[in-house]
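User: I would like to go through this structure and ask where its terms come from.

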Amino acid sequence: MKISAEKQKEMLWTMLLSRHFEDELTELCKIEGKIPGMMILSTGQEAVGSGACAALEPEDVIITNHRSHNHLLAKGADPNTLMAEIYCKRTGCNKGKSGTLHLAVPEVNAPCTSTVVGAGPPIAVGRAFAQQYKGEQRVTVCFFGDGAAAEGSVHEAMNLAALWRLPVIFICENNVYAGAQRYEEHAPNPSMADRASAYAMPGEAVDGNDALAVYQAVREARERALAGEGPSLIECRTYRCRGHGEADPQHYQPKEEIRAWKEKCPIPRLRDDLLAQGLITAADVQAMDDRAEALVKEAVRFAEDSPYPSPEEALEDVFA
Amino acid sequence: MQKLGMGQAVNQALREEMHRDPNVFIAGEGVGVSIHLNPMFPTHGLLEEFGPGRVKDTPVSEAAIAGLAVGAAEAGLRPVVEIMFNPFFTLASDMIVNHAAKLRYLSGGKSTFPLVVRMKSGAGFGAGCQHSHNLEAWAAHCPGLKVVMPATAADAKGLLKSAIRDDNPVIFIEHMGLYFAPMPVPENDYLTPIGQAEVKRPGTDVTVVTWSGMLGVAMAAAEKLAQEGVSVEIVDLRTLVPLDKETILTSVAKTGRLVVLHEATRTGGFGGEIAAVVMEEGFNLLKAPLRRVTGPDIPVPASPPLERFYIPDDEQLITAIKEIL
């Protein structure tokens, strides 16, 4: 499949934006009291969300998990309201109710970030069922980790989706670690993609640090789904460069392993590919990088300048 | 007026709402092709009428059924899903407790989840404690859920129609003991408001607050006590969340005495909540300490004499009432 220059540049752009956004969060987390709660980042895994979301149309839906920033930015979420929500400010996309962990951005069809590991797939099944029920030519992508794959809910969701031929694309972001457990300590089969055969659906493992490979696999899965052929499972093999959260010292991850994966960073990989293809110049890359940096600085400024909600606003939004 | 069991009343509500709104669909284990080829059951005949596109038989997957409801509701459909028995709520509880109930709040009010989870409950069938366990207090403890437990077939129809039209997640618990007892049900399209209790029997000496299958027990006790000259007022809550405090307090103001009656086990039961509300907001109305009559703190046993011992009866209620008269 030929991937348009525009799409390739879009992927590089959302990866750069996401990297600046999360690198900034890493710095902000070092400042006592700046960001409430936990901080869970996807640094180094940007090819998955950026590659997958580039393969989607705006009306397609994503259901994401606790490592959501890249997925949401790639789906088109506004960095300002996202950052303000991470700061738990009133101007945040969820008025300070969700914080960084449960970001919901229905306006870009990213209605749910669930931090309950394995909870996304059943909800994605419901969202995809609605697409099928209404006869929409849309798909739902569900991102979950290799750790989540141990949850029974993921099996239930895949079984139902395959049975009803729902337009879901299950994307297992296999980043080698589930909490402090290495993949082989929590999963007996070295291939997560193999699980697809249990549900008679296509399963494919791709290099999760190759945005173009992720794009291609998702685009093909999307076409199958729209043709009524049901769900697919795509295992994106990548690596968790940061800890489970920013407070995690990663004492159980070999330093040389982290270093080796950092060398396989998806951003220079796509950048060099684009340069080699002659689709962009070094100056274009610099301009993209500068713009991403400026947008993130602006988002931080917006969040810092925004007020906290008043305490009584806690009582709002329980019932419709 | 037609006479229907509660299952048939639920069936009529589902049928009418599915005709009214194409966004309403039902899903669950055996909601279409059921093992029970019995017109007294709630989803009987709906598959034939609405087809497999809207009457969805699912695998045995409570988490997936509840997740289906959450995702579909967010997309604007109005799912009515069935979790076969109330104890299986535990298998669906992540989707209901952490998602259906919380995602509106987490979205800052951007998303709505107009879904209904129907469950059967109630002891009295020798089914044992993994099929008989009233967990309404668990659901009521979870902000973001409405909890409805009708005691009559007429209320079941009107309340289910309201639940389907409600923009919030509603937990709708049906007592199996009421499926087979024909009761009058209006034939027209009517809505019973969620959040309004009803005085099912007026009285002056003592208030009994109850719901679901225990209404019949309360009525029987009131009948017996009437022979002795004791006038019992019976408030049927119908909805636990939102709680109609006003009807409870108005009744207690009239009678000065309160007994709360429920089938669920005692500790942490919803009766404690009603007792606390009356102590906080109506202490000066009470002429005597209030009482709770509830199931004992045991799982529901299967053996008939043991199960009968579990279920509160009219004699226990009469004893409690007499203690505070």
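User: Which element gives the most to the lining of the largest cavity?
Analyst: Strand β3(A) does, with four residues. A strand is a DSSP run of E of at least two residues, a helix a run of H or I of at least four, and both are numbered from the N terminus. The elements that give two or more residues to this lining are α5 (120–133) and β3 (140–145) of chain A. The model is predicted, and local features need pLDDT of at least 70, side-chain atom pairs 80 or more, while totals for chains, interfaces and linings use all residues. Residues are numbered from 1 along each chain as written, chains are lettered from A and ligands numbered from 1 in the order written, and side-chain values use heavy atoms, without hydrogens and water.

User: What makes a space a cavity?
Analyst: On a 1 Å grid over the protein atoms alone, a cavity is a set of points where a 1.4 Å probe fits but cannot get out; lining residues have an atom within 4 Å of a point. By this rule there are three cavities of 30 Å³ or more. About 60 Å³ lies in the largest cavity, where volume is the space filled by probe spheres set on the points, joined across faces, edges and corners. Its lining has 15 residues, and A:Asn65, A:Ser114, A:Val116, A:Gly118 and A:Phe144 are the closest to its centre.

User: How many residues of that lining are nonpolar, polar or charged?
Analyst: Eight are nonpolar, seven polar and none charged. Ala, Val, Leu, Ile, Met, Phe, Trp, Tyr, Cys and Pro count as nonpolar, Asp, Glu, Lys and Arg as charged, and the others, Gly among them, as polar.

User: Why are β3 and β12 of chain B called edge strands?
Analyst: Two strands pair if DSSP finds at least two bridges between them. β3 (55–57) and β12 (239–241) of chain B each pair on one side only, so they are edge strands. The open sheet has seven strands in the order β3-β2-β4-β5-β7-β6-β12 (chain B), with mixed pairing.

User: How do you know that β4 and β5 of chain B pair?
Analyst: Five bridges join β4 (residues 78–85) to β5 (residues 116–121) of chain B, and the rule asks for at least two, so these strands pair. They run parallel, and B:Ile83 stands opposite B:Met119 in β5(B).

User: What area do chain A and chain B bury between them?
Analyst: They bury about 3,100 Å², 66% of it on carbon and sulfur atoms. Buried area is the accessible area (1.4 Å probe) that two parts lose on being put together, summed over both.

Definitions and conventions
1 Å grid on protein atoms, 1.4 Å probe; cavity = no way out; pocket = protein on both sides within 12 Å on 5 of 7 lines; lining within 4 Å.
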